[in-house]
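Subject: The structure, and what turned up in it

Hi there,

Here is the structure I promised to pass on.

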Amino acid sequence: MSTVARTDEQRREFSKRAFRRIVPLLCLVYVVSFLDRTNIGFAKDRLQADLGISAAAYGLGAGLFFLTYALLEVPSNLVLRKVGARWWIARIMITWGLLSAATAFVRGEVSFYVLRLLLGAAEAGLFPGVILYFTYWFTRAERAKANGYFLLGASIANIVGSPLAGALLSIDGAGGLHGWQWLFLAEGAPAVVLAFVILRVLPDSPARASWVSAEEARDLQERLDAEAGPEPARHPVRQVLRDPQIVLAIVVYFCHQVAIYAVAYFLPGIIGRSGSLSPLQTGLLAMLPWLASGIGALVLPRLATTAARARLLIAIALLVMAGGFLVGLVAGPVLGLVGLCGSGFVFWCVNSTIFTFPSSRLAGAALAGGLAFVNSCGILGGFAGPYLMGLAENSTGDPASGLWIVVVLLVLAAALAMALRQGAARKADPARRESDLRK
């Protein structure tokens, strides 16, 4: 029974205050992160022309980021849990900002591959670290909304970054540098600056926040403990794969990430195939699907207030994405862009909602490691997507041809998503487990 008397109105006020204080700042972090992660999509043609990097080599290099990213996700999240979010997120931002800027000085395929591997290692742990951090601040019913606002950063990055990239590419030759070099230099610096803001502003937990009273911190912790149940599940990280529900979440997330990064890295080329467009025109058109995704990130994740609604939202989003890509493949330029915008509208429904399923089945150190492990496995789709798109373009000459594979994977993931269930897996309470299976 709670030892802290708090009314529902007081709890809602605290939740709103927490959203205002931490979510916009972390959303900005993700804006800068996604800019540095995907600006390479606009440099693709210039890398081919200036350095002789082929479409297949580009796709491989773009995807290599996710190999080291995935490999280091779990240890990074465990370190964050030990040293605190403030210091670890700042460290991530400084190293990735410097390495992203260093991409301006690649000289060929080998240096391109090396920088992409190092950039993935530097950024590893950011996304699951923030997802873990939200579990310190928000109850299960609130997390999908918090995740959705955080993922809005990716949409903002592409809305702002697409025309910005086009403009930077247009200053080719300034200062003796190519436009794509200015692109990497200009978009790497903000991460380093923002890291010092994180160090000054972000609290490690509610108990350490100057704007949270001791009573509010205790009440929140009691509610979070109550959600975990009287006997929180103790899952060592090595046992995560023994839970079929977590495996299922990984497969669904993997298919979704294949689609997201296939589009993120190849969208400028897909749009450019429709005619003779300047870099700025391509950037402005590439902005539209991401503008739609930003609107969707604000509107849709808040609908996932129960396990059943979250499950249905994920499945519908995956099918809408598949349908939008299919329109993009078979329709003309204008209608095809409309289809891609339709897909974009539901881009972040899966990311913001899928982690509510494994987080409801893990606790303690296993929660930190488990969320990172789910993201590590799923994010490998970020390697597979660009690599498959590059191979398909090399074989067919069409930058969009790989989307056929993406459509099939999304339909498969939608079918699997309907089997997702929330609830802690406990050996000692068969009745509780049977109840969980019905959720």
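Below are my notes, taken one region at a time.

First, some ground rules. This is a predicted model, where local features need pLDDT of at least 70 and side-chain atom pairs count only at pLDDT 80 or more, while totals for chains, interfaces and linings use all residues. Residues are numbered from 1 along each chain as its sequence is written, and side-chain values use heavy atoms, with hydrogens and water left out.

Let's start on the surface. K16, R20, R21, K145 and R302 come together there as a patch of positive charge. A patch takes residues with over 30% relative accessible area and no salt bridge, joining like charges within 9 Å and nonpolar side chains (Val, Leu, Ile, Met, Phe, Trp, Tyr) within 5 Å. A salt bridge, in turn, is a side-chain nitrogen of Lys or Arg within 4 Å of a carboxyl oxygen of Asp or Glu. Areas come from the Shrake-Rupley method with a 1.4 Å probe, and for residues only the protein chains shown count as cover. With three residues, helix α1 (residues 8-38) gives the most to the positive patch; helices here are DSSP runs (H or I, at least four residues), numbered from the N terminus. R20 sits in α1 and counts as exposed because its relative accessibility is 55%. For these words, buried is under 20% relative accessible area, exposed is over 50%, and partly exposed is in between.

There is a nonpolar patch too, of about 380 Å², built from L291, I295, L298, V299 and F345. Helix α11 (residues 279-299) gives the most to this one, with four residues. L298 belongs to α11 and is partly exposed, at 34%.

Now for the covered parts. In helix α6 (residues 126-134), nine of the nine residues are buried, including P128, G129 and Y133. A195, in helix α8 (residues 179-201), has 0% relative accessibility, so A195 counts as buried. A195 and T95 are 100 residues apart in sequence, yet their C-alpha atoms are 9.8 Å apart in space.

Last, have a look at helix α2 (residues 40-51). Its end C-alpha atoms span only 14 Å, whereas a straight helix of twelve residues would span 16 Å at 1.5 Å a residue (the expected span is 1.5 Å times one less than the number of residues). Among the buried residues of α2 are I40, F42 and L47.

Cheers

Methods:
Lys, Arg positive; Asp, Glu negative; His and termini not counted. Charge placed at Lys NZ, Arg CZ, Asp CG, Glu CD. Helix = DSSP H or I, 4+ residues; strand = E, 2+ residues; numbered from the N terminus. Buried < 20%, exposed > 50% of the residue type's maximum accessible area, 1.4 Å probe, protein only.
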